[in-house]
Amino acid sequence: MNENVKSKLGLENVQKIERMKNPRLEAFLDKYIELGNPDKVFVCTDDAKDIRYIRETAIRHKEEMPLAIEGHTVHFDAYGDQGRDKEHTGILVPEGTDLGSSIVTIPREKGYTEVHEILKDMMKGKELYVSFFCLGPTGSAFSIPCVQLTDSSYVAHSEEILYRHGYEEFIRQGPDSRFFKFVHSQGSVDERNVSVNLEKRRIYIDTIDDTVYSTNTQYGGNTIGLKKLAMRLAINRASQEGWLTEHMLVMGVNGPGGRRTYFTGAYPSMCGKTSTAMLDGESIVGDDIAYLKKIDGQIRAVNVEKGMFGIIQGINSKDDPIQWQVLHSPGEIIFSNVLISDEKKPYWTGMDCEIPEKGINHSGLWFSGKKDEKGKEIPCSHPNARFTLNLHTLPNLDPVLEDPAGVEVRGIVYGGRDSDTCVPVEEAFDWVHGIVTKGASLESETTAATLGKEGVRAFNPMSNLDFLSVSVGQYIDDNLDFGNNLSEVPHIFSVNYFIRDRETGELLTEKTAKKVWFKWMELRVNGEAEAIETPTGRIPKYEDLAPLFKTVLGKEYTLEDYQKQFTVRIPEHIAKIERISEIYRGKVADTPPLLFEILEKQKQRLLKAKTKLGDYITPERL
């Protein structure tokens, strides 16, 4: 390391780096400490004293403010910096590389030069935090060491909560470790300590050099590099090495006799992913990102993280009892972009309690009825307001979270927001049918509350479109191939919590019904429930669901409800196949031919059923 960098580090921090004996790491630190030019540098190891320094600095620098409950703090992002900046997020690729129209790419040389010009002296006058983490459990086949450079104590603190510490993992893997690198600067800040040069936000992912760059932003989705930004790096690596990086929850579903069966699940935003991962009575392993590998003929999965960066809007004591309890108990939690009352208590939209008439939120001083410069009323909390917590604070955490071997995946679930087509739960015929018709065909309807126009179907294969760093066709191919050479192939399911009555438009299921759908899936995976074969997959029998509703929810389940929920809607399914086929033909140049073959077979089954039984077919007629 050069002498200028050593002087910024100081002897103690230099010794921390030298102990790692990693020349490539030292070269990386040399380059970006020199480029960013901070006044001083702090190196955080796995030691509790170092971690405490990061947490205390976040409060001392007023990037976070302490709240009434012990361990709780609040952070505010700049107005206009409360969500992922898709416009300025892209994959750096060599000239001539084409990943398709769905993936934003930037010529590597151009983007690399631009972001390095922005980073030049950007950290001057600040302290730089160098932290080490591990994606996946340490000491395992899943472990990917990471180094994060940031001049935001809030970002460093967030990652301390969300990720396993990785200093010792770097040492364990030695000088040949292949690690991910993250460089972030919040840039200039105002009197509220929020980023001001939002027009110079840049979030660039370089998959060739395994590096993420992020500038002039504080919002976690743009800055917490190990989250969705690292997904792009990991998806690229997984594609090369024959495993999967998925936007999936991991959970254990409890069955008869103390049995626990593990599922993964992919859901687009606002489709019930976190509430599913947090189902009371079951166990959570992870709510967001999973690595899946084939080990000894099984698919095994780990939660990449050890924490949760969750959307807080709508969390209430009735529907989300576990989250509600944790969010109101002492423990280390960062709230972001919520309303803070004079009593230093957090409030958010969708709580089942009275919201104060005034307080502080991301817009500054807030009062009921306050409007922005466009005359639009500012809600008490931002729709994308978040909470950051360690999963170990959850009473339903599964102890396998830290198991280096991960969990055996017996079921994979794909869920979207769909008002008119898919039944509440359905099993695919086999792996290929599931990947094509459940995963690669995943759509979700937008909601008026959060995304503007209501009911627009957004195409989102495996709920991973925003995070791909390989072409969509290659990604579908990777998923199809992943089912080969397994001693036991997981069952693939779809779920839909939002199906509506065709005549009245009323929802046909309650939020709590998902508990029953997962109990049925657990029985199916273990060969203890029968199913009815339809043109699109296998659905539950009424005689299996009725007792589950009684034992799980204490409710009577009527045959009329069952028939409405599980009617096969032929016209809507055919329309979906045509929509999905058109997307793949028009936007995905390298679509595997097998996808069109499977979709066409499903269409022909539907047409045959339509000829025989009509447009809408209740289960007892199949």
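Modeller: Let's begin with contact, which means heavy atoms within 4.5 Å. This is a predicted model, where local features need pLDDT of at least 70, side-chain atom pairs count only at pLDDT 80 or more, and totals for chains, interfaces and linings use all residues. Residues are numbered from 1 along each chain as its sequence is written, and side-chain values use heavy atoms, leaving out hydrogens and water.

Biologist: Which residues does Gln 323 touch?

Modeller: Setting aside residues up to four places away in sequence, Gln 323 touches Thr 274, Met 278, Ile 315 and Phe 387. Gln 323 belongs to helix H10, residues 321-327 (helices, H or I with at least four residues, and strands, E with at least two, are DSSP runs numbered from the N terminus). From Gln 323 to His 75, C-alpha to C-alpha, is 19 Å in space and 248 residues in sequence.

Biologist: What makes Gln 323 buried?

Modeller: Buried means under 20% relative accessible area, exposed means over 50%, and partly exposed is in between (1.4 Å probe, protein chains only). Gln 323 has a relative accessible area of 6%, so Gln 323 is buried.

Biologist: Why is Met 270 called partly exposed?

Modeller: Met 270 has 34% relative accessibility, so Met 270 counts as partly exposed. You'll find Met 270 in the loop between strand E14 (260-266) and helix H9 (273-277). Its phi is near 65°, a positive value in a residue other than glycine. Most residues other than glycine have a negative phi.

Biologist: And how do you know that Asn 337 counts as buried?

Modeller: Its relative accessibility is 0%, so Asn 337 counts as buried. Asn 337 sits in the loop between strand E19 (333-336) and strand E20 (339-340), and its phi is positive too, near 60°.

Biologist: What makes helix H13 mostly covered?

Modeller: Eight of the eleven residues of H13 (472-482) are buried. Among them are Val 472, Tyr 475, Ile 476, Leu 480 and Phe 482.

Biologist: What makes H11 roughly perpendicular to H18?

Modeller: The axes of helix H11 (residues 431-439) and helix H18 (residues 593-613) cross at roughly 85° and come within 10 Å. At that angle, therefore, H11 is roughly perpendicular to H18. In H11, Val 432, His 433, Val 436 and Thr 437 meet residues of H18 including Leu 594, Ile 598, Gln 602 and Arg 605.

Terms used
Axes fitted to C-alpha atoms, helices over the stretch in contact; angles between N-to-C directions. Parallel < 35°, antiparallel > 145°, perpendicular 65-115°, else oblique.
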